[in-house]
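Thanks for coming, everyone. Please look at the chain on the screen, and I will walk you through it.

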Amino acid sequence: MKNAIATLSVRSQSLLQHVISAEQYDFWMRQMGLIEAWSRCFARVVAVAQTTPDGVVLSLKPNRHQRRLIAGPRCAVSVEVAGRNIARSFVWSNSEDGRYMQVSISRQAADPVSRQLLEDTAVGDIVELLPASGDSPPPTLDTRSVAPDTALVYLRRSEKTVSVTRGTSLLEALELAGVKPTYGCRRGICNRCSCTRIQGQTTDMVSGESSDEPGHSVRICINRASSDLELDL
C-alpha cells in the first residue's frame, strides 16, 4: 500500500505541486517510513558492517534522486543530532552487485555525525544524502542557504536581543544563540513553532517569499531573517 502511494505520488508530481509543498510531501513520506522524496536523496540502511573498532561500512539503498545529486567518490550524510540536521562527507562506492551504495565511516574526534553513524545507526534507519561540497569543521548545520550576513532579533517576551545568521532558519539560529523556542516537526507542518513577527522582514525558505507585514504569524522552523526583527518570543 505504501509503495503504491509513493509511486502514484511520483507520477502525479506536476499535479501535486498545486496542493502540497515539497517539504510537506517529504515529511509525510518519512512518516510512512518511505525513502521517496520530492527532489532530495534519502537512503535506507540495509546493512552495517564493522570493519575496525572505529569504523563501519554502511550499505544504503538510495531513492531515485541519487544519480542526479550524488557524483564523485564522496557524498555528505546528514543525520539529526540533538534536534538539528548535521552533515559530513564520506567516501562511498557501489556494492559488488551494484544495488547499494557503501559508505565508509571512520570515527573523527569531536564529530557528532561520525559518532552517531558508528554508535546509533541500525538496519532500517533512513539518512539523507547530499552532494559533497567540501567539509566544514564539525558541527556543520545542514542549511541550504548561503547568506553570510547576520541580523539582530529582539525577543519581546524574553526582553533579549540576539544576533542570528540570515542564512539559516530562525529556529536553528535562535537555538545556536542559546534560546530554546517551542517546536514540533521542524519542517513547517505542525505550526508549534509559530510566533508573531512584530516588525522586520522574514523569508520563507520553502517558497522563497518574503514578508514584512506587522503582526503576521511566522513558522520560525522554515523562515529566516531578512532584516533585523522583533518577535513575540
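Buried means under 20% relative accessible area, exposed means over 50%, and partly exposed lies in between, with a 1.4 Å probe and protein chains only.

A word on the source. This is a predicted model, where local features need pLDDT of at least 70, side-chain atom pairs count only at pLDDT 80 or more, and totals for chains, interfaces and linings use all residues. Residues are numbered from 1 along each chain as its sequence is written, and side-chain values use heavy atoms, with hydrogens and water left out.

Back to Ala76. Ala76 sits in strand β3. Which residues does Ala76 contact, leaving aside neighbours within four places in sequence? They are Ala87, Arg88, Ser89, Glu128, Leu129, Leu130, Pro131 and Ala132. Contact means heavy atoms within 4.5 Å. Take Ala132: it is 56 residues from Ala76 along the chain, yet their C-alpha atoms are separated by 5.0 Å.

Now the whole chain. It has six helices and 14 strands. Those are DSSP runs, numbered from the N terminus: helices are H or I with at least four residues, strands are E with at least two. Of the 233 residues, 41% count as buried. Take the contacts with a separation of 6 or more: residues 24 or more positions apart account for 56% of them. The chain exposes about 12,400 Å², and carbon and sulfur atoms supply 48% of that. These areas come from the Shrake-Rupley method with a 1.4 Å probe; for residues, only the protein chains shown count as cover.

Next, the barrel. Six strands close into it, in the order β1-β2-β5-β4-β3-β6, with antiparallel pairing. On average, neighbouring strands of this sheet are turned by 45° against each other, direction ignored. Axes here are lines fitted to C-alpha atoms, for helices over the stretch in contact, and angles run from 0 to 180 degrees between N-to-C directions. Two strands pair if DSSP finds at least two bridges between them.

Let's go around part of it. Strand β1, residues 41–52, pairs with β2 over eight bridges, in the antiparallel sense. A hairpin of two residues joins β1 to β2. There, Thr52 stands opposite Gly55 in β2. Strand β2 covers residues 55–62, and seven of its eight residues are buried. Strand β2 also pairs with β5, residues 101–106, over six antiparallel bridges. Cys41 has Leu129 of β6 as its bridge partner.

What packs on this sheet? Helix α5, residues 112–119, does, touching β2, β3, β4, β5 and β6. The direction of α5 makes about 80° with that of β3. In α5, Pro112, Val113, Ser114, Leu117 and Leu118 are buried. Asp111 caps the N-terminal end of α5: a side-chain oxygen lies 3.1 Å from the backbone nitrogen of Val113.

On to the aromatics. How many aromatic pairs does a search of the whole structure find? Two. Rings of Phe, Tyr and Trp (its six-membered ring) pair if their centres lie within 6.5 Å; planes under 30 degrees apart count as stacked, over 60 as edge-to-face, and the rest as tilted. Tyr25 and Trp38 have ring centres 5.3 Å apart and planes at 80°, so that pair is edge-to-face. Tyr25 is in helix α3, residues 22–31, while Trp38 is in the loop between α3 and β1. Both Tyr25 and Trp38 are buried.

The other pair is Phe27 with Trp28, again edge-to-face, at 5.0 Å centre to centre and 80° between the planes. Phe27 is buried, at 12% relative accessible area. Trp28 counts as partly exposed, because its relative accessibility is 46%. Just after α3, Gly33 takes a positive phi of about 75°.

Last stop: Thr168. Thr168 lies in the loop between β8 and α6. Thr168 is buried, with a relative accessible area of 7%. The Thr168 side chain makes a polar contact with the side chain of Glu172, at 2.9 Å. A polar contact is a pair of N or O atoms within 3.5 Å; within protein, one must be able to donate a hydrogen and the other to accept it, and residues adjacent in sequence count only if both atoms are side-chain atoms.
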